[in-house]
Amino acid sequence: MFDRPDSNAAFSNDENQDAVVLVHMNLNELAFEETHEEFLELVNSTGANIAADITGKRHRPDAKLFVGSGKADEIGLAVEANHASLVIFNHELSPSQERNLEQKLKCRVLGRTGLILDIFARRARSHEGKLQVELAQLQHMSTRLVRGWTHLERQKGGIGLRGPGETQLETDRRLLGARIKSLKKRLDKVRSQRDQGRRSRQRSGTPVVSLVGYTNVGKSTLFNKMTSAEVYADDRLFATLDPTLRRLRLVDTQQLILADTVGFIRQLPHDLVESFSSTLEETRDAELLLHVVDAAAVDRDELMAHVDDVLNQIGAQDVPQLIVYNKIDKLDDAQPRLERDQHGEIKRLWLSAHTGAGLDLLRQALQEYFPADEPYAQPVN
């Protein structure tokens, strides 16, 4: 089997793991402070030992190093002073930028996508989740495969040298492609099983309500409170990766299925959206989306827009939404309440999943959306 240039985990699990240096450039971002805080949360969720946090401003990325030569020298000094083994950029880096930075800094360099993939690899628990993460990792790696072959740097195309190096690299690419093909085939089987379950629910007339929202807004806590489930919930980014479905009885004659899904994030890597397509189909085919929002977030409108962008990517933009403002316990004098439109339909509600305040209003809203005497069976293809 080929040697992977990127391991499945960029960070050691050892307590004495090596130091890392963070880099985040302000490229005319209006919400730079918020995105930087999120970057720190992402890295902290890995347990990494942050030795230096370097920021700066640029109008546009440098084609060669992403940062300017002076900033690259500053990063290099931080790497040397802290004996860092990894530099993490809160940006998408091209393969050539990663290679150039690694050559200059003499250590490994990871972009935002690589960081998120590492976190996903740590959090995936189900068989399907692990397959999805590995597929996304390999697809991301395929564009950076040359990084793993440092011996090629010494081969300048001299007589008798160039061929073997290229042969080894092409062999590695072929094996990588075969693994990607195998993973896609296995995920197709999982998708087929999901489709069977979905058709069965449609025939039974049981409506599906899917929880969506930015990562770490409290979806799993709300899911647990509503269904008495024990889904893992934690105050950190991407605590939930694997979707969970539970039956929820509104009244004696009506049930629905509540689905807890992975949280979204700014600049969610395309490979992840593609790899998690079978999971996200639960969202696309739902009768209602509970769009959970952190009511205390200063940039909550922007975060909601990021969620809507991902919903557009997966074809769920036309599914009706009920906006659920969560974490009102973090606001001063905020009370649970329902908000209706000019037609009297509930469009927004305010609650706290942590304290339980307002959960009765959510049940009331769901009962109005799904009356007990109305059938929900859909035609099955």
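Q: Hi! What kind of model is this, and how are residues numbered?
A: It is a predicted model, where local features need pLDDT of at least 70, side-chain atom pairs count only at pLDDT 80 or more, and totals for chains, interfaces and linings use all residues. Residues are numbered from 1 along each chain as its sequence is written, and side-chain values use heavy atoms, with hydrogens and water left out.

Q: Which residue does Lys104 bridge to?
A: Lys104 pairs with Asp73, at 3.1 Å from N to O.

Q: And why does that pair tie parts together?
A: Because Lys104 lies in helix H3 (residues 95-105) and Asp73 in helix H2 (residues 69-82), the pair ties together parts that are 31 residues apart in sequence. Helices (H or I, at least four residues) and strands (E, at least two) are DSSP runs, numbered from the N terminus.

Q: Are Asp118 and Arg122 buried or partly exposed?
A: Asp118 is buried, with a relative accessible area of 2%, while Arg122 is partly exposed at 21%. Buried means under 20% relative accessible area, exposed over 50%, and partly exposed in between (1.4 Å probe, protein chains only). These two form a salt bridge too, with their closest N and O atoms 2.9 Å apart. Both lie in helix H4 (residues 112-123), 4 residues apart, which is about one turn of the helix.

Q: New topic: how many aromatic pairs are there?
A: A search of the whole structure finds 3 aromatic pairs. Rings of Phe, Tyr and Trp (its six-membered ring) pair if their centres lie within 6.5 Å; planes under 30 degrees apart count as stacked, over 60 as edge-to-face and the rest as tilted. One of the pairs is Tyr325 with Trp350, stacked at 4.2 Å centre to centre with 20° between the planes.

Q: Where do Tyr325 and Trp350 sit?
A: Tyr325 is in strand S9 (residues 321-326) and Trp350 in strand S11 (residues 346-350), 25 residues apart, so this pair links distant parts of the chain. Tyr325 and Trp350 are both buried.

Q: What sits over the ring of Trp350?
A: The charged end of Arg337 does, 4.2 Å from the ring centre. The rule asks for NZ of Lys or CZ of Arg within 6 Å of the ring centre and within 35 degrees of the ring normal. Arg337 is also linked with Glu339 and Arg348 in a network of salt bridges.

Terms used
Salt bridge = Lys/Arg side-chain N within 4 Å of Asp/Glu carboxyl O.
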